Amino acid sequence: MKKYNFNAGPSMLPREVIENTAKQILDFNGNGLSLMEISHRAKYFQPVVDETVALIKELLDIPEGYSVIFLGGGASLQFTQIPANFLIKKAGYVNTGTWAKKALKEAKLYGEVVEVASSADKNFTYVPHNYEIPSDLDYLHITTNNTIYGTELRKDIDAPVPLIADMSSDIMSRPVDVSKYIAIYGGAQKNMAMAGVTFVIVKNDMLGKAPRELPTMLNYTTHVDKGSMFNTPPVVPIYSLMETMRWVKAEGGVKEMDRRAKERAKIVYDEIDRNKLFKGTVAEEDRSLMNICFVMNDEYKDLEAPFFEFATERGMVGLKGHRSVGGFRASCYNAQTIEGVNALVKAMKDFEAQH
């Protein structure tokens, strides 16, 4: 039976990325060693890092004066590393869900932090808009896509202060005006690579201004100066990242990824809105194209478990919503196919017909 991968992360990757990475795990570029066992300082691995950085800069049209570095620890470590490097007097955070709250909590360890806007009043079912941004902030932190609640900010906001964004789950799915940000970061295991590597895009002239002595590993300058080679980087995930960036470029770049994301999401959301059994969980104007969240209509709540079993029997994988919200979540990252979303929609229609 064919499987359709809707996991929220680690997530679906293009098949050719998986196959090409698997070949290199057996024998890296004909060197007789596995990609898993080569030295990160070997002369034949450095071109992988160089090409990956170059592809990210090209695909996102990153201006001069920015560095791309690869770290460990996921976005969760960045919740600490961002304020350690950038919080001087006061930072602002927009609270749009679980991950934004975690980032805000960590920032408070380094100085004054204000919650500029929040959607907690309606259980994070919308994205705040038209809020006032204090002009005295060192930076404003936003989380562009919320994997748990299924909301997304799919455009770069205008702000009177430097912007920092956690783009873990929607990076490479749309064009981004990087010049508006002093840092963009995220775990790569959604749209970019297998789990194990974190990307950070950082504006070089904003580094070194924090009024604190930083541990060597928390200092972005350490990793910028050493080209992500200060310590052993996650070699295999970086290679898979390079292969994914090659794939994105070959498929038409981020503009094409944006078009596909809108096409996939429309197919699923149209069915959610049509089908009498289901309903969406967030404000329509803020619906995520990456993580499509839905539940059974109230009168059909007892059918939640049967539908999950029905969809699983049809090959759907990873449809269960996050444990904190329940329901269903169809994650449609860049590698998701029209065939996959059509299979999900057919399962929804067939289940409706039975009930």
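**Exercise 1.** Which residues does N334 touch, not counting residues up to four places away in sequence? Then place N334 in the chain and classify its accessibility.

*Solution.* The model is a predicted one.
Step 1. Leaving out residues up to four places away in sequence, the contacts of N334 are M172, S173, N191, W247, M257 and R264.
Step 2. N334 sits in the loop that runs between strand 14 (328–331) and helix 9 (338–354).
Step 3. Buried means under 20% relative accessible area. N334 has 2% relative accessibility, so N334 counts as buried.

**Exercise 2.** Describe the interface of domain 1 and domain 2.

*Solution.* Step 1. The domain assignment gives domain 1 as 15–251 and domain 2 as 253–353. Their contact takes 27 residues from domain 1 and 26 residues from domain 2.
Step 2. The size of an interface is often given as the accessible area lost when the parts come together. Here the area buried between domain 1 and domain 2 is about 2100 Å², and carbon and sulfur atoms give 54% of that area.
Step 3. I148, G150 and E251 supply 22% of the area that domain 1 buries against domain 2, more than any other three residues.
Step 4. Between domain 1 and domain 2 there are 2 salt bridges. There are also 16 residue pairs in polar contact across this interface.
Step 5. On the side of domain 1 that touches domain 2, helix 6 gives the largest share, 4 residues. The residues of that side divide into 10 nonpolar, 10 polar and 7 charged.

**Exercise 3.** For the salt bridge of K90 with D136, state the distance, the place of each residue and its accessibility.

*Solution.* Step 1. Side chains of opposite charge can pair when their charged atoms come close. The closest N and O atoms of K90 and D136 are 2.8 Å apart.
Step 2. K90 is in strand 3 (residues 90–95), while D136 is in the loop between strand 4 (112–118) and strand 5 (139–143). The two are 46 residues apart, and the pair links distant parts of the chain.
Step 3. K90 counts as buried because its relative accessibility is 14%. D136, at 45%, counts as partly exposed.

**Exercise 4.** Where do R274 and E271 lie, and is each buried or partly exposed?

*Solution.* Step 1. The side chains of R274 and E271 meet in a salt bridge of 2.7 Å, N to O.
Step 2. Both residues lie in helix 7 (residues 253–274), 3 residues apart, which is about one turn of the helix.
Step 3. R274 is partly exposed, with a relative accessible area of 44%. E271 has 4% and is buried.

Conventions
Residues are numbered from 1 along each chain as its sequence is written. This is a predicted model: local features need pLDDT of at least 70, side-chain atom pairs count only at pLDDT 80 or more; totals for chains, interfaces and linings use all residues. Side-chain values use heavy atoms; hydrogens and water are left out. Buried means under 20% relative accessible area, exposed over 50%, partly exposed in between (1.4 Å probe, protein chains only). Contact means heavy atoms within 4.5 Å. Domain bounds come from an automatic or database domain assignment. Buried area is the accessible area (1.4 Å probe) that two parts lose on being put together, summed over both. A salt bridge is a side-chain nitrogen of Lys or Arg within 4 Å of a carboxyl oxygen of Asp or Glu. A polar contact is a pair of N or O atoms within 3.5 Å; within protein, one must be able to donate a hydrogen and the other to accept it, and residues adjacent in sequence count only if both atoms are side-chain atoms. Ala, Val, Leu, Ile, Met, Phe, Trp, Tyr, Cys and Pro count as nonpolar, Asp, Glu, Lys and Arg as charged, and the others, Gly among them, as polar.
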